[in-house]
Amino acid sequence: MSDTGSGKRQIHVCSLEMPTISHNNYGLWAHPDNRKHLYHTIEFWRDCAREAEAALLDAIFIADVLGVADAFGGSMDTSIREGIHIPELDPMLLAAVGMGATERLGWGVTVSASYEPPFGLARRMSTMDHLSDGRIGWNIVMSYHHNADENHGIAPGSLPSFERYERGDDFMEVCYKLWESSWDEDAVLADRENGVYTDPRKVRRIDHAGEYYSCSGPHMVDPSPQRTPVLFQAGMSDRGRRFAAKHAEAVFFVARTLDGLKLSVEDLRRNASAFGRSREEVLAMVQLNVITAPTMAEAEDKVAEFQKWTRPEGYLAHEYGMSNFDPMKHPRERLLDEALALDGLTRQDSGTYGHGPEATIGEIIDAAADIRNEPMFVYGDPVTVADQIESWFEEFDLDGYLLRNYVHPGTVRDFGRYVVPELQRRGRYRTDYEGSTLREHFFGPGRKRLADSHPGARHRA
Ligand SMILES: Cc1cc2nc3c(=O)[nH]c(=O)nc-3n(C[C@H](O)[C@H](O)[C@H](O)COP(=O)(O)O)c2cc1C
């Protein structure tokens with residue numbers, strides 16, 4: 001884990017993006033200054049990339065889903081109307097565009113391991129690592145939308161979460177063998193005199209025959225700067241958390257409650273240690289919600305402005321998108337328990353267990369749409385925001401944050417202009433990139449490759 005030379009632990013920050021119109025900011029796409037509707041243009045992604053690099057962020061992290069949430073209100077209508085993760089472009093291609101506009105910024109790209117064999121994914125990641133000179137990362141997800149399953153010929157409910165991760169372990173074995181062991185470092189000779197491009201003795205098949213995947217190899221791509229991309233994960237089930245503790249180099253959390261976050265980070269540290277991995281080898285990062293401006297009054301105005309454009313439908317569909325519970329169809333004064341009974345739902349399967357028995361439907365709607373209501377939300381002048389960021393960082397034993405975007409341009413630019421200099425002044429944030437690869441941004445100069453204790457490193461030739 002790198003520090004800034006100040007002796008203090010460095011705070012890592014990635015921008016949380018999704019190549020869609022609305023992601024954790026429902027309704028704000030219509031804000032007159034928001035350019036997110038240009039998300040399907042090359043220039044938009046280049047601008048995001050330049051802004052993130054100017055703020056010296058570690059990376060842009062791009063979330064992705066492969067299906068539409070269709071339970072809320074019993075249809076896809078709300079998702080489609082509000083632009084909730086649809087339309088949605090392919091994040092890998094956007095990262096390729098954005099990396100061309102930057103030199104140091106890393107890229108974390110979400111790709112599901114549930115819908116394709118590992119060979120092609122391993123090749124795409126190696127290609128991206130070459131093109132970016134070692135700045136690519138992979139957010140390994142197993143996917144959970146039943147519409148995504150349907151899109152890939154998987155009958156809904158037939159592939160439980162636990163089994164996805166079992167398959168995922170085998171998937172990773174194939175990738176590690178392709179990335180780490182199929183090619184020797186010095187295999188490419190490019191010997192013009194003797195007409196030898198690659199030494200055939202230094203490239204080998206992997207002949208993987210696992211429970212779920214088989215792959216003979218060799219890998220189609222020669223060793224890239226990082227070989228294995230930086231591995232991100234955010235599994236939430238017990239099995240998912242074990243998968244993260246074994247494979248991930250950076251684990252992302254969304255804090256539903258602060259107590260829950262504390263337990264999740266402690267759990268990660270324990271599980272990682274059981275896999276023989278040290279505290280320094282696995283970064284814990286949490287979604288951070290920041291609205292900042294030079295003064296408190298200006299920040300307050302900005303919060304009020306964003307709140308004005310926020311639409312509850314999107315937040316409710318996001319929150320209850322898997323449960324078929326639609327509070328909007330009940331009168332505001334109705335008690336939650338009464339509404340659930342009428343819909344034939346329980347607190348558990350409706351996802352409303354966070355609310356007390358006295359809660360009304362109106363309160364639930366208002367709470368879902370109140371942008372100040374998020375854990376890990378902070379607004380204010382740079383000192384106020386930096387104080388809070390530092391305090392959470394220590395209190396929850398974090399390594400960094402995933403910065404949620406409200407508007408483009410704006411969120412990352414404000415963070416870079418106002419908060420970054422304050423964090424730098426406190427010795428908590430880099431004043432320049434020290435290494436060239438994403439892994440070096442996370443773990444310090446010289447650490448281009450997986451740590452020796454990582455399970456992927458076992459496969460090194
Ligand atoms: C911060 C964060 C970001 C996530 N991003 C994605 C994503 O982009 N795509 C996705 O399919 N799942 C995403 N997830 C979901 C998980 O990675 C995981 O696939 C899901 O929780 C199902 O795994 P589980 O069975 O372990 O809960 C994210 C989760 C968190 C906490």
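The largest nonpolar core of this predicted model has 102 residues; a nonpolar core is a set of buried Ala, Val, Leu, Ile, Met, Phe, Trp, Tyr and Cys residues joined through C-beta atoms within 7 Å. A residue is called buried if 20 or more other C-beta atoms lie within 10 Å of its own, exposed if 12 or fewer do, and partly exposed in between, with C-beta atoms placed from the backbone. Inside this core, I60, V251, V286, L402 and L403 have the most contacts. Helix α6, residues 161–181, supplies eight residues, the largest share. A second, separate core of 14 residues includes A71, Y315, F325 and I364.

Before I continue, some conventions. Residues are numbered from 1 along each chain as its sequence is written. As the model is predicted, local features need pLDDT of at least 70 and side-chain atom pairs count only at pLDDT 80 or more, while totals for chains, interfaces and linings use all residues. Helices (H or I, at least four residues) and strands (E, at least two) are DSSP runs, numbered from the N terminus.

Let us turn to strand β3, residues 106–112. Seven of its seven residues are buried, so the strand is largely enclosed by the rest of the structure. In a regular strand the side chains alternate between the two faces of the sheet. In β3 both faces are covered, with G106, G108, T110 and S112 on one side and W107, V109 and V111 on the other.

Which strands pair with β3? Strand β2, residues 59–62, runs parallel to β3 and is joined to it by four bridges; two strands pair if DSSP finds at least two bridges between them. Here A59 has G106 as its bridge partner. Strand β4, residues 136–141, also pairs with β3 in the parallel sense, over six bridges, and V111 is partnered by I140. Together with helix α4, residues 118–131, β3 and β4 make a right-handed β-α-β unit: with the strands pointing away from the viewer, the path from the first strand over the helix to the second runs clockwise.

Finally, consider E53 in helix α1, residues 42–54. Is E53 buried or exposed? E53 is buried, with 20 other C-beta atoms within 10 Å. Leaving aside residues up to four places away in sequence, E53 touches T102, R104 and L105, where contact requires C-beta atoms, placed from the backbone, within 7 Å.

Terms used: Two residues are in contact if their C-beta atoms, placed from the backbone, lie within 7 Å.
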